[in-house]
Structures are given as C-alpha cells and as structure tokens.
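Here's a quick briefing to read alongside the model. Have the sequence and the 3D view open as you go.

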Amino acid sequence: MTSIDELFKSSGSSTASKRKFDSSGDPQQLYKSSRVKPNGDTNGELHATVEEGDDEEYGVARPPEDDEPEPEDDEEGRFFGGGVNKESKEALDYLDEYDQESYVPEKIDKAWVRKLGLNFEKRISKNAELRSKFEDDPQKFMGSEADLDASVKALSILSEHPELYEEFAKLGCVNSLVSLLSHENTDIAIDAIEIISELTDEDVQAEQTQWDAVVNAMLDADLLSLLISNFSRFDEANEADRSGVYHSLSVLENLASNSALATQIGTKTSILQLLLSRLSSTPSPTITQNTQYTAELLAILLQTSPDNRTAFLTNLQAPTNGIDTLLQLLAPYRRQDPPKDSDEEEYVSNLFDALTCLLDSPLAKPLFLDAEGIELLLIMLRDAPRPTRSRALRLLDHALGGAPAAATPVCERLVGAAGLKTVFGVFMKQQRKGGLDASGLEHL
C-alpha cells in the first residue's frame, strides 16, 4: 500500500512555493527563476538563473492563463489539475467530509452539574475506601488517587458557569471539595485550593447571590481553619508547595473583597499572626513572590476593616508588637531602594501601606514611639532615595495626625529628635531640585 509520505511527495515543492510567495515580486519571473534538478531535489545547493535570450522555461510550469484550457490528466490517470494523485485526493475528500459533520457541544446545565458532582463524590468515596483498605500498600490506591485528582481539576469549568454555583452548593459538593484540603496527598489538597481560588476569583462573572452561595458553603465546611493549618504543612522549597501557598493567599484575598468576611478573617482566626510571622521569618535579600503576596494580603486586611487594625494592635504584643516588627522589616531600606519593578519593591510598598493605616489609630502611636519609628523615618528622609523618601513622608504625616491627645506625644518626639530641621531640609531640596511626586508634596 502506498505510504502517506509517497502520497504527498509529488505535491511538496508546489506547496512550499505557495507558502513562500512574495506578493511584491512578478509571479512569472519567480516561476522562471526556479530550476529543479533532474532528480527532483529542490533542497540542494541550487543557483537559479535566467540567461538572456533563453526562451526555455524551467521548474514548475506557470499557472494557465484565464483563457488557456486546464491540462489533462496523464495517461495513467495518476495526477489531477491540482498536482495531487488519486489516492491523496480521496484522502483529502474524506477529511473535508469529516470536517463538515455537525459538532454538537455538550450542554452545560443543572443535569450536567449533577452528573459532574455525582462522579466527583464517587471518586472521593472510592479513594477513601481504598486508602483505608490498603493503607500500607500505596500501589493499590494510587490509581484512584489519579482519578480523584482529575475529577478535582475538572471542576475548573464551573468558574465559567457561575449560574450553576447554587446547584453545586445544594449537592453538597462544596463541602466535599473543602474537605480535600486535609487530604493526605498534598498534591490533591493543592489542586482543591486552586479550584476554590478560581471559583471565588473576582474575575468570575457571578452575581452576588451566586458567589454568596458557594462561599457560605465553603465557610460552613471550615475553609478558613483548613487553609491556615495547611500553611505549616507546605514546604516552600518545593515548587508544588509554593503554588499551594500562593493559591491559599489568593483564596483569602478573594474572600477579603467582602468587608464583612475580611473582618471575620482578621478577628476570628489567627491569620494576622500567621502573616506577620511569615514576613518576619523571611530574610530581606530573598523576597519571593509569596513574601510579597503575604505583605499585600496583610495590608488589604488592615485597610479593609477597622476591627482588624484593633485586633492587630491589641493581640500581637508578644514577644514584640506588630508595629515594631513592621518597622524592623523596613529598616534595611532606610538608605536604599528595592530593585525597580520587582516583587521586593511591591513588598516594601505594602509594608508602608500597612503601617500607614495602622498609625491612623490612637492605639498605634504609643507603640510607634516605643519602637523608635520617628527616628527611623528621619533617617529615611535624610538618606533614602526618592521613592522611599516619599513613602516615609506619608507615614510621618499619618503618625503626626489624628486626635490631639494621641498625636501630641508624636509631635513632641519629632521636635526633640531635631526632626523639624530634617523636614525643612527636604522642603528646601524640593524647592531647588524637585523630585517628590504629588503625593509626597502633599504630605510634606
């Protein structure tokens, strides 16, 4: 039987010419300039030339003019007008007929989600059964583990159909999905966290009632506690576990888009302590994407809810208060800026944002003074590059403002530390050289 390569071999040079066709050239000259060796090799070292006065044409024949008749098939009937032999033409006709067959997409509705949910529950039950039966023989349940992992990933399509969220929650599948966060296989737990992140993402075009249905079901299944407990379970030296940490932070950020939930996260769980511990345990030269995301989530929770700020200031007192920890994290940047457009730059910006909203509270000002925050900011105003200097000005402005009873001691400390000289020096430098942005000028 003729092979596929032999079927299409005869049409190869013709196809290649069409794909490389230069519309700026003369087609007739292009045909004339192409010479082919007697063996049909067009890939060898060819030097196509057209000699003057040579009327003989070489290579592939020119396409017929509109008034010229189409060439007839050869004697053996092997070739047709398009340069394709009989068997090849039949193969192409078959492919054309196949492509023209009507495609009926799967209908995604309540019946579909019930089927999806039933299959998902069966995979969970099967895996749990085999795990308990063959606890000491992983080979016996690894197949069911792979099937369960595939079922979890298949839930991703629900994020494109939020109209099915309520039905999915009614089936109890949300509870089952959240329960997988405690699965013995961390890969399955990470996949479940990623799906939860996708379902709750703000980019999903879900109505509020649809979003509430799935989120409330997740919270009822103890999502927050399971998320927090998994942080200690993940080893960020492993890439898959780093992904698990990232998606866990993403879920918390998605939930914090609702102010009531943000307050619940900050006051009813240990998440603020956890975030601060993660930041303080990361050396400044190795700021990663997850470290930056941790600082961003902390800033979001503090900015969104006054109750979260109060909890941060009153509960995080030992061994050092939260204000002191944040100032220590900023201390390495008192005379330098982080690399521009880096995760580290975002990290520093988020730390300043967190401190700025905290210092609007009267509870924060005594803690700020005890941690020598005024002295650190004055060093930044004198020695730090412009971006850090602008952030330090804004933070100092918030520290000096507010209720007189709380702000007066901060103002007195500034004067006692010769801070007016430093601030006036920044003002004069701005008059001569500029450099501060509009926000920095406002706070100055």
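Which residues of H21 are buried? The list runs to Thr388, Arg389, Ser390, Arg391, Ala392, Leu393, Leu395, Leu396 and Ala399. Keep in mind that this is a predicted model.

**Helix H21**
- H21 covers residues 386–400, and its end C-alpha atoms sit 21 Å apart, which agrees with the 21 Å that 15 residues should span at 1.5 Å a residue.
- Among the buried residues here are Arg389 and Arg391, along with Leu393, Leu395 and Leu396.
- After H21 comes Gly402, which has a positive phi, near 100°.

**The aromatic pair**
- Searching the whole structure turns up one aromatic pair.
- The partners are Tyr246 and Tyr293, with 5.0 Å centre to centre and 55° between the planes, so the pair counts as tilted rather than edge-to-face, a label kept for angles over 60 degrees.
- Tyr246 belongs to helix H12 (residues 239–256) and Tyr293 to helix H15 (residues 289–304), so the pair links parts 47 residues apart in sequence.
- Tyr246 is partly exposed at 29% relative accessibility, whereas Tyr293 is buried at 7% relative accessible area.

**The second largest pocket**
- This pocket holds about 150 Å³ of space.
- Its lining is made up of Thr200, Asp201, Glu202, Val204, Ala206, Glu207, Gln208, Trp211, Glu253, Asn254 and Ser257.
- Helix H10 (208–220) and H12 are the elements that each give two or more residues to that lining.
- By type, the lining residues split into three nonpolar, four polar and four charged.

Methods
Residues are numbered from 1 along each chain as its sequence is written. This is a predicted model: local features need pLDDT of at least 70, side-chain atom pairs count only at pLDDT 80 or more; totals for chains, interfaces and linings use all residues. Side-chain values use heavy atoms; hydrogens and water are left out. Rings of Phe, Tyr and Trp (its six-membered ring) pair if their centres lie within 6.5 Å; planes under 30 degrees apart count as stacked, over 60 as edge-to-face and the rest as tilted. Helices (H or I, at least four residues) and strands (E, at least two) are DSSP runs, numbered from the N terminus. Buried means under 20% relative accessible area, exposed over 50%, partly exposed in between (1.4 Å probe, protein chains only). The expected span of a helix is 1.5 Å times one less than its number of residues. On a 1 Å grid over the protein atoms alone, a cavity is a set of points where a 1.4 Å probe fits but cannot get out, and a pocket is an open set with protein on both sides within 12 Å along at least five of seven lines; lining residues have an atom within 4 Å of a point. Grid points are joined across faces, edges and corners, and a volume is the space filled by probe spheres set on the points. Ala, Val, Leu, Ile, Met, Phe, Trp, Tyr, Cys and Pro count as nonpolar, Asp, Glu, Lys and Arg as charged, and the others, Gly among them, as polar.
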